[in-house]
Amino acid sequence: MTRSYDLIVIGAGMAGVAAANKCASAGWRVAIVDALPYGGTCALRGCDPKKILRRGAEIIDSARLMRGKGIDDAGLSMNWADLIKHKHGFTDPVPRNMEDSLSGNGVDTLHGQARFTNAHTIAIDGRSYDAAHFLIAAGARPRPLDFPGHEHLVDSTAFMDLPALPRRILFVGGGFISFEFAHIAARAGSTPVILDRGPRPLKAFDPDLVELLINRGAEAGIELWRSTTITSIEKSGGGYQVSLARSGRPEDVEFDLIVHGAGRIPELSGLDLDAAGVEWDEQGVRVAAHLQSTSNAAVYAAGDAAYTPGMPLTPVAVIEAKVAASNMLKATTTVPDYTGIPTAVFTIPELTRVGMLEQQARDQG
């Protein structure tokens, strides 16, 4: 027997939850589904727990900056296991609390892998559900890597659950994840290396400010290897032997842990979007500017799952989800305003921006 809804939301992260609550409050019959615990990347595996870990690192750094100026930091250290336990105190209650909140707002909460069976129907564990509208807000996953030994990398989720932090850590990729976790690891006593295949990391920020951050990281013991690519990884004793090319020169280096920070792609592969006639690729669901699928009018998408000009940030995903919900409710074509979105890389210190980069401003006169 098929259950019918006005809206089914796929993905119970911050974006999906915002849209589900908005439409339910307008009187729609709404369901939301996720194969993972409710809360999404930001609340459970990303922004929020990362900032808890960063707070411990920030205290270590602040104390060292005050060395000889009234603060004695001798013996000050991070207890990684206690910090992770502290993090779980924040994240563990989230799924139950979020699900209870949704249910209290009249949203049906479903669990399992959703996949489309036709343009208006999904199946979850063999049971069918149809809807007049769908919102895909399924988030993203680490970008697949193709060099031999790529299976030895851990992702950011696993990093934030490590019972102990090893000494030699390689962060693959020169983006937010690598820089943020390297800055945490350095203050926790590890020796982190960031590997970037290009000459310029953190391309979303002004290069002169990035160089200041790189220098600050170097003072904390973080190395940056530019123009470097991995050719293979092999298990070696208790660690890993990484074969790489640094500016074209081969080199073998030993590490205890290798962390994937080389970008993310939309998590769409399990949805069987082709069965619903939804056009998509590794950049996301193909949508018009107002977030409606270009090939299936019943489907909208938001956040990392949608191919839009928006930066891959939780507040942007929430904005898109609310706009999509409003467009569905009112049958309108409002377009999200991406002007002046602020963003930050939570290193120590943070690197932040809002609006155009300096070169973009110069290019526009």
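Is Ile 71 buried, partly exposed or exposed, and what is its relative accessibility? In this predicted model, Ile 71 counts as partly exposed because its relative accessibility is 39%. You will find Ile 71 in the loop between α3 (47-65) and α4 (80-91). Together with Leu 65 and Met 66, Ile 71 forms a nonpolar patch on the surface, and the three share about 250 Å² of accessible area.

Now for the charged side chains. The count of salt bridges comes to 17, and here are three of them:

| Salt bridge | Closest N and O atoms |
|---|---|
| Arg 187 with Asp 61 | 3.0 Å apart |
| Asp 161 with Lys 87 | 2.7 Å apart |
| Asp 281 with Arg 286 | 2.4 Å apart |

Let's start with Arg 187 and Asp 61, which form a salt bridge. This pair links distant parts of the chain, with Arg 187 in helix α7 (residues 176-187) and Asp 61 in helix α3, 126 residues apart. Both partners are buried.

Asp 161 and Lys 87 are next, joined by a salt bridge of their own. They too link distant parts of the chain: Asp 161 lies in the loop between α6 (156-159) and β8 (168-172), Lys 87 lies in helix α4, and 74 residues separate them. Lys 87 is buried because its relative accessible area is 3%, whereas Asp 161, at 38% relative accessibility, counts as partly exposed.

In the pair of Asp 281 and Arg 286, Asp 281 counts as partly exposed at 23% relative accessibility, and Arg 286 counts as partly exposed at 31%.

Finally, have a look at Arg 54, Arg 55, Glu 58 and Glu 350, which are linked in a network of salt bridges.

Key: Residues are numbered from 1 along each chain as its sequence is written. This is a predicted model: local features need pLDDT of at least 70, side-chain atom pairs count only at pLDDT 80 or more; totals for chains, interfaces and linings use all residues. Side-chain values use heavy atoms; hydrogens and water are left out. Patches are made of residues with over 30% relative accessible area and no salt bridge: like charges are joined within 9 Å, nonpolar side chains (Val, Leu, Ile, Met, Phe, Trp, Tyr) within 5 Å. Accessible areas come from the Shrake-Rupley method with a 1.4 Å probe; for residues, only the protein chains shown count as cover. A salt bridge is a side-chain nitrogen of Lys or Arg within 4 Å of a carboxyl oxygen of Asp or Glu. Helices (H or I, at least four residues) and strands (E, at least two) are DSSP runs, numbered from the N terminus. Buried means under 20% relative accessible area, exposed over 50%, partly exposed in between (1.4 Å probe, protein chains only).
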